[in-house]
Amino acid sequence: MMGQVAALQALVIGALLVWSSYGKLVGPLVGARARRTALKKFVGEKRAEPAFRAVGGVELLIGAALLLPPLWMMESLAAIALSVGFLGYLTYSRVASPDSSCGCAGSATAPVTWRTFGRAGLLLAAAVLASTADVGWWSAPGGAAIAVVLVEVMLFVALSSELDRHWLLPLRRLKVRLTHPLAATAAYDVPLATTQHQLLRSGAYRAVNSLLRSDIRDHWDEGEWRFVSYTATYDDRPATAVFAVPRLRYEPDEIRVAIVDDENGETVYRPSLLPVLA
Amino acid sequence: MAGLRGEVSWFCCGNAWGPCGTAGHGACGTCNSGSWQHAWTNTSDACYAITRPDRCGITGVSRRTCGFRHATTNLCNGARVVTTIADCGPQTDLFCGERACCGGTCASNRVIDLTPAAFSAIGSLNAGLIPCNVEAG
Amino acid sequence: MTNTLDRRTLLTSAVLGTTATLVGATAMGSLAPETAFAARSQSPEPGAPDPNFAEGRVTARDGSMILVSGSDGRFHRIRLTGGTSVWKLRPTTLDQVKVGDGLYARGVLMPDGTLAAESIWVNIVNLKVHVTAIGKNVLYLDHSGSRIVGHVVPGTSAAVYNGKPAVSDLSMVKVGKHAQVIGAWRPDTNEIDVATIYAAA
């Protein structure tokens, strides 16, 4: 069986390399993708895209050679060399440019993590195994060998963060649908951010904004109103702007405001007719 | 260019603390949170390929390069700030169709990102997202 | 405390119009915002640093004076006054500005080199993220490749879906979607508390 598993490696690696080359060769975003990788630092910004495409070309060449008959020892040796190269590049990019995308497979951008290393390691192991094969993958492998290789493919998928959106995210969405982890938030009282959001969209705010000198300084609730105060100046005198905002309803037009002199407590400004916005 | 109406937010750049720490000095190499600067969606082909305002139906965002001046007006209060281009952004296509209104005035889609210094001159940082008008300044 | 309560009572009656101390001529209409904005302290040249703005980490605090080490290497002395607003996940009090916090401050640069703060936003972050998973009152976020844990604070965290009015219900946030999060960073961790999340519903 081991011989058959080894034979099938050419199929697995070949398919992986062809997929990997796709994102490096096809589409209008290749250049942008290339510049997000550590290649930018390695070969310079100008040469990042040609280098990225060259790697894609080599991947496509080796991948196609592995997939197509005849079986050559050279193919698996080239795959081994390529995986060693990947591991070296990943180490470099982890050290030199940790925030960059690995630019590894497909068209998604993904940072270099332990999963990236795991996949490159698995690729190397598969390539070494492939070099021991003495028959082609097209030579009718048995069911047990196919099962082993399916597990291997699943391992590749699990280690590819680029594919998460196809299996991991749907699983997580399902979990959220079943467990409703944030459902309790709906029951809570009105957050101040809600009040502020409404306040900033009101005519009252627009009417006195030029007098305000701070962000929200104090706030308190009374019945259906929430009061919010700001530091203000009026005629160069220190003052306070106080807004009354409907607490439980979204009615920006009902928001009222007054400017109160800080020293004598007099209300110096209270627009009774707020301007209607265009 | 006629005024571009849309949403404005803020971003940090240059040396910074917290999750902003790795932001860098932006596409122009000059961006700093404390300066009056902004990010623009069309500073180069490579930039436009990432921001893609056309995917939200905004066509004709002019190609403007580092240092170009834009005036951004907060439609909720009329406050205005003039800033220069220092980075590429925001990623308009990630938030297509999003709308912000003040009174009867509404604006859709993210068209500009200001530095904290510039944004706080026309609105509250914790307000996050504001409808605005952008013109060549 | 009594002072605060007295003050709130005064302000409450002022805005609801239950006091009659309104001074005549200004009761109607509004001021043009542009006029007053022009009158404010000198604006910096576009592209240049704003002298009335400071950014950095709090390295020391002595009463109302805080020392901030700017990320660009500059030092700022920031003075808190009775009129300074402080935001730290929510509007809060002056004593909540602690050593180790990151902040943005806007105010007026005084002749002695201190910044008299008008507004301070402590640990505030504005992140464009990808929601990678959701747990019990926690959001797992990807922020340009780094993992951020966003804690939902019931009663404080709010959600804005498609620009609609903000609500307390975060349950419509979806795994795998993009979102923007205004939050308060927990210093020296990859964790934040969520103030407002902007998402598509």
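**The interface between chains A and C**

In this predicted model, 58 residues of chain A are in contact with 63 residues of chain C, contact meaning heavy atoms within 4.5 Å. The size of an interface is often given as the accessible area lost when the parts come together. Here chain A and chain C bury about 5100 Å², with 61% of it on carbon and sulfur atoms; the area is what the two parts lose on being put together, found with a 1.4 Å probe and summed over both.

A:Asp262 pairs in a salt bridge with C:Arg7, with 2.8 Å between the closest N and O atoms.

On the side of chain A that touches chain C, two or more residues each come from α8 (164-179), α9 (192-199), α10 (203-208), β1 (212-222), β2 (225-234), β3 (237-246), β4 (256-261) and β5 (267-269) of chain A. Helices (H or I, at least four residues) and strands (E, at least two) are DSSP runs numbered from the N terminus. β1(A) gives the largest share of this side, 10 residues. By residue class, this side of chain A holds 31 nonpolar, 13 polar and 14 charged residues; Ala, Val, Leu, Ile, Met, Phe, Trp, Tyr, Cys and Pro count as nonpolar, Asp, Glu, Lys and Arg as charged, and the others, Gly among them, as polar.

Residues are numbered from 1 along each chain as its sequence is written, and chains are lettered from A and ligands numbered from 1 in the order in which they are written. Local features need pLDDT of at least 70, side-chain atom pairs count only at pLDDT 80 or more, and totals for chains, interfaces and linings use all residues, while side-chain values use heavy atoms, with hydrogens and water left out.

Terms used: Salt bridge = Lys/Arg side-chain N within 4 Å of Asp/Glu carboxyl O.
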